[in-house]
Amino acid sequence: MEKREKIVIDAKGIYYRELNEKIRDAIYNLKCKEIHLNNVNGQRYIGDGIEAKVTIVINGVPGNDLAAFMNGPTIIVNDNAQDAVGNTMNNGKVIVKGHSSDVIGYGMRGGKIFIKGDVGYRVGIHMKAYKNTVPYIICGGRAGDFLGEYMAGGVLAVLGLDENDNRPLTGDYLGTGMHGGVIYIRGEVDERTLGKEVGIVDFTEKDMQEFGKILKEYADDLDLDFDEIMSKPFTKIVPISHRPYGKLYSY
Amino acid sequence: MRKSYLIPEFRVEIDHTRCRRCKRCIMNCSYEALSFSDRVVADHFKCVACHRCIVFCPENVITVRKNPVDFKESFNWTNRHRLDIWKQAETGGIPLTGMGNDLPYQIIWDHLVLDACQVTNPSIDPLREPMELRTYLGKKPDSLQFEETADGKIKLKEKPPKNIKLEMPVVFSPMSYGSISLNAHKAMAMTAKEMGIVMHTGEGGLHKDLYDYSDYMIVQCASGRFGVHAEYLKRGIAVDIKIGQGAKPGIGGHLPGEKVGLDISKTRMIPIGTDALSPAPHHDIYSIEDLRQLIYAIKEATNYKPVSVKIATVHNVAAIVSGIVRAGADIVYLDGFRGGTGASPKIVRDHVGIPLELALAAVDDRLREEGIRNQASIIAAGSIRSSADAIKAIALGADAVAIGTAALVAIGCRVCQTCHMGKCAWGIATQRPELARRLDPEIAAERLINMLKAWKFEIKEVLGSLGLNAIESLRGSRERLRGIGLDAQTLDILGVKPAGK
Ligand code: SF4
Ligand code: SF4
């Protein structure tokens, strides 16, 4: 079989099923390491279930469930992305240079989702971590309600980088039902918006070091000024108990 | 500690004159109801009637009885109500329970009888004639189109959708590794392979020891997404999206942290000791369109394997299923309100949902009316207790049935309803290694295989008596059922005539 390092696919007017077949063919049959998709316009499920170390560059706006169940690839979106990016993602990286929408990283277990702009509602719900696999979602803009709901592990961060934007950094019900992992917010959080299962603790030197490494990577990937990001204090939110519903039942 | 107002539900009686003090009963009692102080003594409070001591006493001298203490009689204030109130008054918590709804609602199966052939249209002798119990689960094409190949052969124009082949119309219902032991899973996996059927992993992921059996596994994607990753999805022969469960419609799964030990934590991919919360809604599904999105995300990830959607039977079930089928599901799994559970709030288990029989008939009708019955297969589940229930379910419109409790009973379960305590004396609903070890997967598989073989014979006998030689001919054939003691409206919903008509 013919091997190719890089392939460019024009996605204009192609139905998602066909487009995804082409992508899989490029990865698994042509053994491509880099795939560029031009004129993407809402096609769903790109990168879905793919288990390989490849890079997919998307020019245009990919549709819902980008990188769902993905295990390994790096996806770079040079535009906005829609709902459910990284749904139940296992490993790999998604870099979105614009905004993204609701339910990002649902049940995500590993890998990284870096978004330059805003995200919508219900981001990072059910995120988990297991041993050394820790998922990260970092949003450079602002987030909607239910951020980190039922979060069981991993790291969620909201940076609010646009200083001229006066909207609150996060919405209501922040970390409701959260029982693992950590949420970092760059700036202040209105305690009224916190779920009753979480609390604010000190942002320590150790946090700074560990989280700083990822932020550095984030800044590099998105061409942002790392020092500028670190110039403001962070609020650290963690669950109060890892058994929030332990006392609900009698026997 | 304050005095409890509860009284023991059972009494353990030991004939001490014949007891040889071997203490086997004590070792077998995982609920710690028995102890030894110059002879075996019982703490009746702790007995759950699991019968483990009775079965393993070499002298057969143990009896477990319902505690004969009388309550002042009341038809309204049953003992059940009184006991529950005392529990609530003492703990402030919701009483939990295992297994299915045990309230005396009418069991419709027991009011349906099957037809048989007499004189004309003769019956078939299953001992002599071949009987086809094979069933295929999955979407069937609306129509078939053929084309001629260059060498003049006729072949199908489009590849038909993938189906699951079952050698008999029975599958094991989703019971997660976590709710039941790995040995119980192994027994079902071995049985599924031997009998040419399938099991569901439930929502707890797939243990590596069972990877060899993945051709006989339907894997599950529930709201918590435990153990769900690309490899898991690809291993199964189909993927089930769990929306609801008959024993707890609208309620999520909740595996308490104390049950999340090393192996469970590995399979579910969560740290040891954390609660595994799988809340009722998938927070990415708020509409049929969202469900469709997940169905197709899974299809894309699995190269278009069949996707099943499991729901609890609730009031508007027919319309819900119509939506599910239109969203692209290949299989709809209907779990009736008597379905079993590892743990459910008692109030939900006993009072929420509707009977499977009615839901099944309503769903089958609706899908036929809409002309989409072929687009998805229906699995009927929720307390299928016997092959008779299975046959009646198929006559009402199911393609196959799923069995959970029946399978557990075959391997030792006494329906003591205390699965949620994690102390199952039979090694079934437990993760304690010393208890789980009690269930030998080989022996358990043998028992399960025997039970299913018996069901197979029984189904063939009944088919023969109906004059049918293929189970598929019975599907939705409600003319072959009659109702006894069912009211007109129920009969109408079932699409079944009263006996005598
Ligand atoms: S198992 Fe039977 S014989 Fe042995 S101690 Fe118990 S009651 Fe006595
Ligand atoms: S599985 Fe075990 S605990 Fe549950 S009802 Fe059966 S015997 Fe009792």
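These legends go with several close-up views of a predicted model. Local features were kept at pLDDT of at least 70 and side-chain atom pairs at pLDDT 80 or more, while totals for chains, interfaces and linings use all residues. Residues count from 1 along each chain as its sequence is written, chains are lettered from A and ligands numbered from 1 in the order in which they are written, and side-chain values use heavy atoms, with hydrogens and water left out.

**View 1. Lys93(A) and Asp221(A) form a salt bridge.** Here a salt bridge is a side-chain nitrogen of Lys or Arg within 4 Å of a carboxyl oxygen of Asp or Glu. The closest N and O atoms of this pair are 2.4 Å apart. Lys93(A) sits in strand β5 (residues 91-96) and Asp221(A) in helix α2 of chain A, 128 residues apart; helices (H or I, at least four residues) and strands (E, at least two) are DSSP runs numbered from the N terminus. Lys93(A) is buried at 14% relative accessible area, and Asp221(A) is partly exposed at 25%. Buried is under 20%, exposed is over 50% and partly exposed is in between (1.4 Å probe, protein chains only).

**View 2. Asp207(A) is in helix α2 (residues 205-221) of chain A.** With a relative accessible area of 8%, Asp207(A) is buried. Leaving out residues up to four places away in sequence, Asp207(A) touches Tyr184(A), Asp202(A), Gly212(A) and Lys236(A), where contact means heavy atoms within 4.5 Å.

**View 3. Eight strands of chain B make an open sheet with parallel pairing.** The order runs β11-β21-β20-β18-β17-β14-β13-β12. At the edges, β11 (170-172) and β12 (199-200) each have a single partner strand, so one side of each lacks a neighbour in the sheet. Further in, β14 (residues 238-242) and β17 (residues 307-312) pair over four bridges; pairing takes at least two DSSP bridges. Ile241(B) stands opposite Val309(B) in β17(B).

**View 4. Gly202(B) lies in the loop between β12 and β13 (217-221) of chain B.** Gly202(B) is buried, at 1% relative accessible area. Beyond its neighbours within four places in sequence, Gly202(B) is in contact with Pro174(B), Met175(B), Ser176(B), Gln220(B) and Tyr232(B).

**View 5. Asp115(B) and Arg480(B) meet in a salt bridge.** Their closest N and O atoms are 2.8 Å apart. Asp115(B) is partly exposed at 32% relative accessibility, whereas Arg480(B) is buried at 14%.
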